[in-house]
Amino acid sequence: MKKKIGIVSLGYAWLPCEPGPSRFYYIAKMFAEHGFDVELIGSGFQHFEKRPRDKEKIRKQGYPFLNTFIDVLPYKKNIDVRRALGNKIAAVRLMRYLRGREYDLIYCSIPANNISAKVGAYCKEKGIPFVVDIEDLWPEAMEMVFHVPLVKNLLFSYFKKDAKKTYQNADAVIGTSDEFTNRAFLHRERNIPSATVYVGCDLEIFDSGVAEFAGAIFKQDKEFWVTYAGSIGASYDIRTLVLAAAKLHQAGQSNIKIKILGTGPLKEELEALAKSLGCVNVEFCGYVEYKKMAAYLGKSDLLINSFVKGASQSIVNKVGDYLAAGKPMINTLASREFMGLVKEYGFGANIEAECAQELFGVILSYAGDMRRCIEEGIAARKLAETKFDRKTSYRTIIELVNGLV
């Protein structure tokens, strides 16, 4: 009989027919292709669109695994009291559901910390191998935007306790960066299998998107495109990119265009800022489906991994797509791990976060040196092919799971 794997990811289990990262879809599909009976357990609420998921649309796609939805409270913002309360209610509903099923292994994302802690305790009780996939660090990722001291201290203490419980019950750990993988061993010995598997991308799908949509994206001769693709929220420093765009406009660099792909809670505010500064060189493109986004990156000349000071992220979702595009990258994220990759593989420049003058100067430098753009772009694509292509890098996950079931 096939081994049954339950993949629990209420915060990240998004599918190709809807907005959001596809890591857990890809993991579920990969397990199914390797002969496992797979169930992907996600939220009934669409995080990126902040509305209920279209369950019927998902069912009609014919995915090679079972999709199950746990209903949660709706919320309006990424950091929202209703989201935290919803995770508590979802954990109760999830545990009620799991106790009526049987699994040979459970693969669970963290965060949400309370959910992974409950799942880990359940697996330990039942003797089920428990694999943790670390997508983000809570509460570290929230500290820069949560400013109510009493509530912050109380809430964050629970996050830390639940993270500790999760990792203590883990039988194996997968992290999306070395920093995240190492976090699992802050309070336990390294006596379980572990590996770092970058979020990455499927290069074949990315390249097919470039081929399919390149002709639909118009770019004038001699234009130099600087592009950001991703969330427009508190951790992502789009404000400085707009301020640098204003400096470029004032300096008469009319050929340099800033393309901002994506949506988020700060989109309208930043659009208003760009308008107030007269930034006719900035275009907010909104949410763009994955394959068309790939084509935008392919048309661009320079990409920006833009984060605010103190951001806790490490090697984020967009990096795999940026590298796949074969373009140089400006990085403002002060992650030593990612800054080290930029320097070691020579695919871009690390600069200080929230410094519009420096960003303005670096963009001008790249725009005036196409040979550098080409050389660093080649280095980026090479790194994508060797370390960020899911078809090869995700085999590590299969090997690790095969050793547990």
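This is a predicted model: local features need pLDDT of at least 70, side-chain atom pairs count only at pLDDT 80 or more; totals for chains, interfaces and linings use all residues.
Next, select helix α3, residues 81-98, which supplies five residues, the largest share of the lining. The volume of this cavity is about 190 Å³. In total, the structure holds three cavities of 30 Å³ or more.

Now turn to the nonpolar cores. In soluble globular proteins, nonpolar side chains tend to be buried together. The largest nonpolar core here has 68 residues. Select I260, F284, L323, I330 and F347, the members with the most contacts inside that core.

Which residues is I330 in contact with, leaving aside its neighbours within four places in sequence? They are L302, L303, I304, N305, A349, I351, L359, V362, I363 and Y366.

For the second core, which is separate and has 40 residues, select V8, I70, V173 and A184, which are among its members.

Finish at helix α11, residues 317-324. Why is α11 described as largely enclosed by the rest of the structure? Seven of its eight residues are buried, so the helix is largely enclosed. Select K318, V319, G320, D321, Y322, L323 and A324 to see the buried residues of α11. After α11 comes G326, with a positive phi near 70 degrees.

Methods
Residues are numbered from 1 along each chain as its sequence is written. Side-chain values use heavy atoms; hydrogens and water are left out. On a 1 Å grid over the protein atoms alone, a cavity is a set of points where a 1.4 Å probe fits but cannot get out, and a pocket is an open set with protein on both sides within 12 Å along at least five of seven lines; lining residues have an atom within 4 Å of a point. Grid points are joined across faces, edges and corners, and a volume is the space filled by probe spheres set on the points. Helices (H or I, at least four residues) and strands (E, at least two) are DSSP runs, numbered from the N terminus. A nonpolar core is a set of buried Ala, Val, Leu, Ile, Met, Phe, Trp, Tyr and Cys residues joined through side-chain atoms within 4.5 Å. Buried means under 20% relative accessible area, exposed over 50%, partly exposed in between (1.4 Å probe, protein chains only). Contact means heavy atoms within 4.5 Å.
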